[in-house]
Amino acid sequence: MLRFARADGSHEDALLPGPVLGRAAWLGPVPPGTDEIRLAAPAEGFRIEAARLLSRTAVLALCARRRPDKMPVALYQWLRRDARRLRNTLRIAAAVRPLAQYPLWKAERARPFEPAFDRVPPDLPRLGLILEAGPGDEVALRRTLATLLAQGHRDWRLALHWRGPAPTDFADDPRISANALPDGVAIGVLNPGDALAPDALTHLAAAFAGPTPADLAYADSEAETPEGLRPRLKPGWSPDLALTTLYPGRPVLIARDLVERSGWAPGQGARALLLAAALAGPERVRRIPRILCRVAPDLPDPDGHAADLARALDRAGSPAALVRNGDTLDLDWPLPDPAPLVSVIVPTRDRPDLLRVAVRGVLHDTTYPALELVIVDNGSTDPAVAALYAEWESDPRVRRLDRPGPFNFSRLVNDGAAASRGEILVLLNNDVEVLHPDWLSAMVRQALRPEVGAVGARLLFGNGRIQHAGVVVGLGGRAGHILRNRPADTPGHLGRLTVAHEVAGVTAACLAVTRRKFEAVGGLDAESFPVDFNDIDLCLRLAAAGWRSLWTPRATLAHHESVSRGPSVGPARARFEAEGNRFAARWRAVIRDDPYYHPAFSVTTFGEELE
């Protein structure tokens, strides 16, 4: 992190990208009035190779080379003297690359292996690797073995399993054998053609060293695709995502005792090993945000990994059921019978046009069988709202609380929760529109899981594009919605948006949480975050208590964002900034490293572009 400090004690911070190829680069504006630039960085294994101040003309020239499509916008903002927007445009154009430009991005950042700099600690543990090959794999196998023999960490053992007669010229190194399970504190599976970076085993072995060794460790990779060379930049440990997408891929290593405990045996394949380990519940998982392997293409499999996943779920006794939606695999979690009561809490003031749509969706377009609607009215004066209340008065599912006074979203929600009766609380904005009748069932199924805290939905703008697909802490400097304004069917990197998966937080525009967990962390913080940042603050407090947040695309609604409140300008903008500063101060450590957002991705744009 960089901190631009001013003489008056104020400051602005900038997040630096991670060196996933050994080297990282950052370019951004120096805020006016900067008196000192401070750096927060690791004490070891880090060095600054170059730092220089660029003129605006030099930055414009860089933009013209990298993103010429941005130049007309930048020049227009320069002529208008719109300094803030100009800085953002220049920063994006000069420093951010789309994933399609990965080869160019890599060429600028890849650092050669330097034995003097990449020291191998002497006490790293032995690793065991399994490689299965057969006729036709000889050339690919030699490529993999060559990268193994070039490793900086040399304490490894390889079990080479041949399908059919084994050649005699592949096992001329004493570390290579035909053992069923090789010696090592952790076990991993490679495919013929996988090419490890020279420091790959050093990084992986370090995860299993020390007093708290990992149960499972994985690193980033790259692969040739029909579109060209692309990275696989993996989020922190996300069990649901691992089961449905197998995102850890290769390289992945699993502690030997966990392998033995999971019931996996050589010959069952790398996919089955990962699934068995994920369902065995590894306590310590280490993500290594470095591209440590170029993986060979997997063989086509029309079944995906459905059969392996179904067997793994059955063997583990998981209550989840496998569901398939086209080529996508997802998990269905059980819903008790009878279904628990859900309290849907809707804070509102005036805007009968919005409120009518939201309430109709909850009461008449939702198939969930047990719900109550708690409307918390913040001083409506529109006669049309009173008419709506009269219309709903005869419905026993509807309750109204009158809470006039200054708008404090957090207090309105907390009051609604206290007055409600449901086991599940659903926070719902008055500008949300139900699109599919099963949205609530999908959210309740997830919220009832013991390990899950807040559950969020896929929210779409009125034009059908993404408004909310999970919150990234650090995006925009504090917290922001990933892939905002992308098409609704955007799959996301590694297919994340096609399935339910863990995220740092979700928006309170549509959020489900059990009453017990909501009350355990004290509900929304009405003092520090009366209007903004209260939802992500809640999610992070739930996470600190041991409950992770989840986002699911199987609950899809429309959100006409902030229509009822309008844009933040003047005093409202000042209040927003004050709440944002309090949020940043409270959650600085998470802002520096959202576990579910890769450190190579930019926090300037709305996500999944390379910094």
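1. Leucine 494 sits in the loop that runs between strand S23 (479–481) and strand S24 (501–503). Although leucine 494 is not a glycine, its phi is positive, at about 60°. With a relative accessible area of 16%, leucine 494 is buried. This and everything below refers to a predicted model.

2. Arginine 351 also deserves a look, as a residue that has a positive phi, of about 50°, without being a glycine. The loop between S15 and H11 holds arginine 351. Its relative accessible area is 28%, so arginine 351 is partly exposed, the cut-off for buried being under 20%.

3. One runs from arginine 250 to proline 251, with omega near 5°; proline 251 is placed in the loop between helix H7 (239–245) and strand S11 (252–255). Another joins aspartate 337 to proline 338, again cis and with omega near 5°. Proline 338 belongs to the loop between strand S14 (328–332) and strand S15 (342–348).

4. Next, a helix pair. Helix H11 (residues 352–364) and helix H12 (residues 383–392) have axes that come within 9 Å and cross at roughly 20°. The two helices are therefore roughly parallel, since angles under 35 degrees count as such. The crossing of H11 past H12 is right-handed.

5. Which residues of H11 and H12 meet? From H11 come Pro352, Leu355, Arg356 and Val359, and from H12 come Ala384, Val385, Leu388, Tyr389, Glu391 and Trp392. By class, the residues of this contact are eight nonpolar, no polar and two charged.

6. The largest nonpolar core has 64 residues, and those touching the most other members are Leu148, Leu158, Leu201, Phe208, Leu216, Ile254 and Trp264. Helix H9 (residues 270–279) is the biggest contributor to this core, giving seven residues. Another core, of 58 residues, lies apart from it and includes Leu427, Val472, Leu497 and Ala600. As background, nonpolar side chains in soluble globular proteins tend to be buried together.

7. Isoleucine 254 is one of the core residues named above. Leaving out residues up to four places away in sequence, isoleucine 254 touches Val185, Ala186, Ile187, Phe208, Asp215, Leu216, Val259, Leu273, Leu274 and Ala277.

8. Is helix H16 (residues 534–544) largely enclosed or largely open? H16 is largely enclosed by the rest of the structure, because nine of its 11 residues are buried. The buried ones are Asn534, Asp535, Ile536, Asp537, Leu538, Cys539, Leu540, Arg541 and Leu542. Glycine 546 follows H16 and has a positive phi, near 105°.

9. Isoleucine 291 is part of strand S12 (residues 285–294). Its relative accessibility is 10%, so isoleucine 291 counts as buried. Isoleucine 291 and glycine 22 are separated by 269 residues in sequence, yet their C-alpha atoms are 8.7 Å apart. With residues up to four places away in sequence not counted, the contacts of isoleucine 291 are Val20, Leu21, Tyr102, Ala197, Asp220, Ser221, Glu222, Pro231 and Leu233.

Key. Residues are numbered from 1 along each chain as its sequence is written. This is a predicted model: local features need pLDDT of at least 70, side-chain atom pairs count only at pLDDT 80 or more; totals for chains, interfaces and linings use all residues. Side-chain values use heavy atoms; hydrogens and water are left out. Axes are lines fitted to C-alpha atoms, for helices over the stretch in contact, and angles run from 0 to 180 degrees between N-to-C directions. Helices (H or I, at least four residues) and strands (E, at least two) are DSSP runs, numbered from the N terminus. Angles under 35 degrees count as roughly parallel, over 145 as roughly antiparallel, 65 to 115 as roughly perpendicular and the rest as oblique. A crossing is left-handed if the near helix is turned anticlockwise from the far one by less than a right angle, and right-handed if clockwise. Contact means heavy atoms within 4.5 Å. Ala, Val, Leu, Ile, Met, Phe, Trp, Tyr, Cys and Pro count as nonpolar, Asp, Glu, Lys and Arg as charged, and the others, Gly among them, as polar. Buried means under 20% relative accessible area, exposed over 50%, partly exposed in between (1.4 Å probe, protein chains only). A nonpolar core is a set of buried Ala, Val, Leu, Ile, Met, Phe, Trp, Tyr and Cys residues joined through side-chain atoms within 4.5 Å.
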